[in-house]
Amino acid sequence: MDAVRLQAMVSPLLDWYDQNARVLPWRSQPTPYRVLVSEIMLQQTRVDAVKPYFARFMEALPNLESLAAAQEQTLLKLWEGLGYYNRVRNLQKAAQIVVRDYGGTLPRDPEKLKQLPGIGDYCAGSISSIAYNVPCPAVDGNVLRVITRLTGDFSDIAAPATKKAITQQLRQIIPSRAGDFNQALMELGALVCLPNGAPLCDQCPLKGLCTAREKGLIHQIPVKSPKVARKREEKTVFLLLFQGTVALVQRPEKGLLAGLWEFPSSPGKLKKTEAADWLLQQGMAPGALEKLPAARHIFTHLEWLMTGYLARLKEPPAKNVFCWAPVDKLREEYPIPSAYQCYRQRLEEEKEMTPHG
C-alpha cells in the first residue's frame with residue numbers, strides 16, 4: 001500500500017510545486033557550485049536567514065577556484081552569524097579537492113560527492129539531483145515528515161534506519177524530474193506539512209493520499225526520540241577599551257567556534273568586585289566597570305549564560321595577552337560569533353573611545 005501511495009503522489013506533488021515553489025536565488029541559477037554552497041548553508045539554518053549570506057558569498061567567491069584559494073579569516077567573516085563554522089571549513093576542503101582532482105568540476109555521481117568533506121547522503125542526493133538531474137533521493141527532515149505522515153509510519157525519524165528505509169522507498173519512484181521532485185518534497189514540508197503546530201492539510205496536494213490525515217494521526221506523526229539535554233555554562237565577558245581599540249582573543253583551531261575571535265571572558269558569573277580582581281590579574285587597571293545586560297546563546301548541545309562588563313583602561317595593558325583591534329574595523333575584519341551580538345551592539349553604541357580620566 002505504501003508503494004501505491006508513494007507512486008500516486010508524484011504527479012500532484014510536481015503540479016503543486018510548479019505553481020507554488022518559492023523563488024530562491026540558488027534555484028534561479030542551479031549551477032553545481034551554487035547548489036553546493038546553498039545546501040551547505042541551509043543545513044540547520046532557515047531559508048530566509050540564508051538568502052543574504054548566499055548573495056554575499058557568491059559576490060565574494062563566485063566559483064570553486066576562488067573558494068578553494070580563499071583565506072580562512074575571509075571565509076569565517078563571510079560565514080559570520082550562520083553558525084556551525086565547520087561547515088564552511090569543510091566546504092573549502094571539498095572545493096580544494098574538486099579543483100585538484102576533478103579539474104574544478106563538481107562530480108555528478110552522488111557516491112563521489114559523499115567522499116568530499118562535509119557532504120553526506122542528503123547533500124549528495126540534493127546536489128546530484130538539482131544540479132545534474134541524477135535520479136537520486138535527497139531525504140532531510142522535511143521529507144521524513146511528509147513521507148511518514150503520508151504512509152502512517154511510526155518509525156523514529158531520528159533513527160538512521162528510518163532515513164535509510166525511506167530513501168530506498170523514494171529511489172523506487174523518483175521521476176525523470178528528479179531535482180524538482182526532491183525540492184517539491186522539501187518545499188511541501190517547509191510550507192504545508194509543517195513541523196510545529198498544525199499542518200496546513202487543506203492546502204496540501206496530497207491530502208487525499210495521506211494516512212495521517214485520514215486516521216487523525218497528524219499530531220502523533222512523525223515520531224522523534226527526545227534530544228539530549230543541553231549543558232549549561234556560565235561565563236563573564238569583558239569589553240575592554242583602550243584608545244579606540246577593543247581586546248579580542250582567538251579561539252583554538254579545533255572545537256566549538258574554532259578560529260573565530262571573541263571578547264575575553266572568565267568562567268562563571270563574576271560579581272563586579274570579582275571582575276575587577278580578574279582584570280588586575282591580567283595586568284590591567286580599569287576605570288569604573290560598567291555592568292552590561294545579561295545575554296544567553298543556545299548551541300545545539302550547549303547553552304551559554306553570559307554576564308558582561310565594559311571597562312575603559314586608564315593605562316596600556318601591562319601584559320600582552322590580547323589582540324587589540326580597532327573598534328571601527330571590527331565589523332569588516334574580525335569574524336565574531338553571533339553569540340556575542342549584544343556586546344557588539346554595545347560597542348557600536350560607544351561614541352567616545354578614549355579613556356576617561
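Predicted model: local features only at pLDDT ≥ 70, side-chain atom pairs only at ≥ 80, totals over all residues.
Start with the helix pair. Two packed helices are described by the angle between their axes and the distance between the axes. Here the pair is α1, residues 2–20, and α10, residues 141–151. Their axes come within 10 Å and cross at roughly 125°. Angles of 65 to 115 degrees count as roughly perpendicular and those over 145 as roughly antiparallel. The two helices are therefore oblique to each other. Their crossing is right-handed. On the α1 side, the contact is made by Asp2, Arg5, Leu6 and Met9. On the α10 side, Ile147, Leu150 and Thr151 take part. By class, this contact has four nonpolar residues, one polar residue and two charged residues.

Now the loops. Glutamine 44 lies in the loop between α3 (32–42) and α4 (47–60). Its phi is near 60°, a positive value in a residue other than glycine. Is glutamine 44 buried or exposed? The relative accessible area of glutamine 44 is 59%. Exposed means over 50%, so glutamine 44 is exposed.

Tyrosine 84 sits in the loop between α6 (72–79) and α7 (86–101). Phi is positive here too, near 50° for tyrosine 84, which is also a residue other than glycine. Tyrosine 84 has 36% relative accessibility, so it counts as partly exposed.

The last stop is a peptide bond. The bond from isoleucine 221 to proline 222 is cis. Its omega is near 10°. Proline 222 is found in the loop between α13 (211–214) and β1 (231–242).

How values were computed:
Residues numbered from 1 in each chain as written. Heavy atoms only, no water. Axes fitted to C-alpha atoms, helices over the stretch in contact; angles between N-to-C directions. Helix = DSSP H or I, 4+ residues; strand = E, 2+ residues; numbered from the N terminus. Parallel < 35°, antiparallel > 145°, perpendicular 65-115°, else oblique. Left-handed = near helix turned anticlockwise from the far one by under 90°. Contact = heavy atoms within 4.5 Å. Nonpolar A, V, L, I, M, F, W, Y, C, P; charged D, E, K, R; others polar. Buried < 20%, exposed > 50% of the residue type's maximum accessible area, 1.4 Å probe, protein only.
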